[in-house]
Each structure stands twice: as structure tokens, then as C-alpha cells.
Amino acid sequence: VNETYEKLVAEPLIDNNVINEAKKHAKREFFLHHILIGHNTSYLASPPSRSIDDAFLLTQQILNKLNEGLDFAALAIEYSDDPSVNNNQGSLGWVEWGLTAAEFQSAAFKLKKGEVSSPVLTSFGYHIIFAENIRFSDYNKMSDNEFNNYIINLSKRTVRNKLRTAATRFDSSAFAQH
């Protein structure tokens with residue numbers, strides 16, 4: 001039953017652009033660092049009082065400091081609103097495709113080794129992302145069939161909020177036909 005729902009309900013909901021982007025990026029993983037600048041409507045346990053405009057301006061100031069040669073980790077400790085920054089100095093470690101917010105991963109996986117992103121807005125706030133290193137992921141070792149199945153499963157995450165409605169519609173249609 002689950003496989004039928006996956007094939008007939010979930011897969012048709014997935015945007016082909018999502019699948020193509022996943023195929024393009026899933027065979028690599030990035031060693032990432034970030035500085036998170038939240039704002040008063042950020043999805044954070046304790047969002048700061050700054051406005052979204054002030055958050056953006058602060059990211060610009062931080063980027064200027066990075067361009068002057070200041071240390072990314074030191075700036076993360078000083079400015080980041082990520083609650084784990086004191087433990088990891090902004091390091092996210094090795095990140096695979098599909099494990100972060102869509103806007104974050106799209107920006108991060110376009111970076112080259114050693115590059116820093118422009119500010120990237122997610123529901124958590126603005127991120128400045130640094131790609132320290134890039135390597136092939138374990139998915140690079142899969143057969144084409146295994147990889148394509150993995151990409152479909154990975155891409156289903158983007159439609160989870162639509163599944164209940166689609167499944168109800170599918171069930172109603174199936175009952176009506178039979």
C-alpha cells in the first residue's frame with residue numbers, strides 16, 4: 001500500500017526542477033560554515049529584536065569584515081544567532097543535498113571551494129555561507145537505478161505538506177471508480 005501511494009500520489013507531486021537539481025547536486029557534499037543573522041520574525045526559539053532590513057544590513061557589514069580578512073569563525077562567534085555557534089564556531093560539517101532549507105542548499109551547492117555566499121534568506125534569517133571543502137558523496141558510488149530511486153525519495157521531502165490532501169483525493173477517486 002505504501003509503495004502504491006508513493007508511486008501514484010507522492011511522485012506526481014514532485015516538481016521536475018526539484019528532481020533535476022537534486023540529480024545535479026546529490027553526488028557532492030560540502031564542508032560548510034555559516035553565520036546566521038536572525039530578525040524579529042525568524043523561526044528561532046529566541047529571535048532577536050532587529051528588523052529584517054537591519055539583519056540584511058548586518059550581513060553586509062559582516063561580509064565587509066570577511067573581505068578585509070577577518071576570521072570566519074571569530075565573526076560567527078561574535079554575530080551569529082545560531083544557538084549552537086559557541087560549540088561549533090559556525091561549522092556545519094559535511095552537508096549532503098536535501099538536509100537543509102531549500103534556499104540554503106541551493107546557494108551553498110553553487111559555491112566553489114573557498115567561496116563565501118551573498119546573504120541567503122531562509123525562515124531562520126539571513127545566512128552567510130562559507131564552503132571550506134567539497135568532495136564526492138557516497139551517492140556517487142550508486143548505480144544509475146539506485147541513484148534515481150534515491151533522488152525520488154529525497155525529492156519527496158519537498159511535497160510532504162501536500163501528501164494528505166493528495167492521498168485523500170486519490171482515495172476518493174479510487175472509491176468512486178470502484
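The buried residues of helix H2 are covered by, among others, strand S1 and helix H7 (144–155). Here contact means heavy atoms within 4.5 Å, while helices (H or I, at least four residues) and strands (E, at least two) are DSSP runs numbered from the N terminus. The model is a predicted one, in which local features need pLDDT of at least 70 and side-chain atom pairs count only at pLDDT 80 or more, whereas totals for chains, interfaces and linings use all residues. Residues are numbered from 1 along each chain as its sequence is written, and side-chain values use heavy atoms, with hydrogens and water left out.

Helix H2 comprises residues 16–25, and its buried residues are Ile19, Ala22 and His25. Buried means under 20% relative accessible area, exposed over 50%, and partly exposed in between (1.4 Å probe, protein chains only). Seen down the axis of H2, the buried residues fall within an arc of 145°, so they line one face of the helix. The arc is that of the directions from the helix axis to the C-beta atoms. An α-helix has 3.6 residues a turn, so residues three or four places apart point the same way. Asn16, Asn17 and Lys24 are exposed on the other side of H2. His25, which lies in H2, is buried with a relative accessible area of 3%. When neighbours within four places in sequence are left aside, His25 is in contact with Trp97 and Phe109.

The buried residues of helix H3 are Ala55, Leu58, Thr59, Ile62, Leu63 and Leu66. These residues cover an arc of only 145° around the axis, which puts them on the same side of H3. Asp53 and Asn67 are exposed on the face of H3 turned away from its buried side. The cover over the buried residues of H3 includes strand S1 (28–37), helix H4 (72–79) and strand S4 (125–136). H3 has 16 residues (52–67) and, at 1.5 Å a residue, should span 22 Å; its end C-alpha atoms are 23 Å apart, which agrees. The expected span is 1.5 Å times one less than the number of residues. Just after H3, Gly69 takes a positive phi of about 100°.

Four strands form an open sheet in the order S2-S1-S4-S3, with antiparallel pairing. Strand S2 (91–96) and strand S3 (120–122) are the edge strands, each pairing on one side only. Two strands pair if DSSP finds at least two bridges between them. From one strand to the next, the twist averages 45°. S3 and S4 run antiparallel and are joined by three bridges; Gly125 in S4 is the bridge partner of Thr122. H3 packs on the sheet, touching S1, S3 and S4, and its direction makes about 45° with that of S4. Axes are lines fitted to C-alpha atoms, for helices over the stretch in contact, and angles run from 0 to 180 degrees between N-to-C directions.

The protein chain as a whole has eight helices and four strands, which run α-α-β-α-α-α-β-α-β-β-α-α from the N terminus on. Its C-alpha trace spans about 65 × 40 × 25 Å along the principal axes. Of its 178 residues, 39% count as buried.
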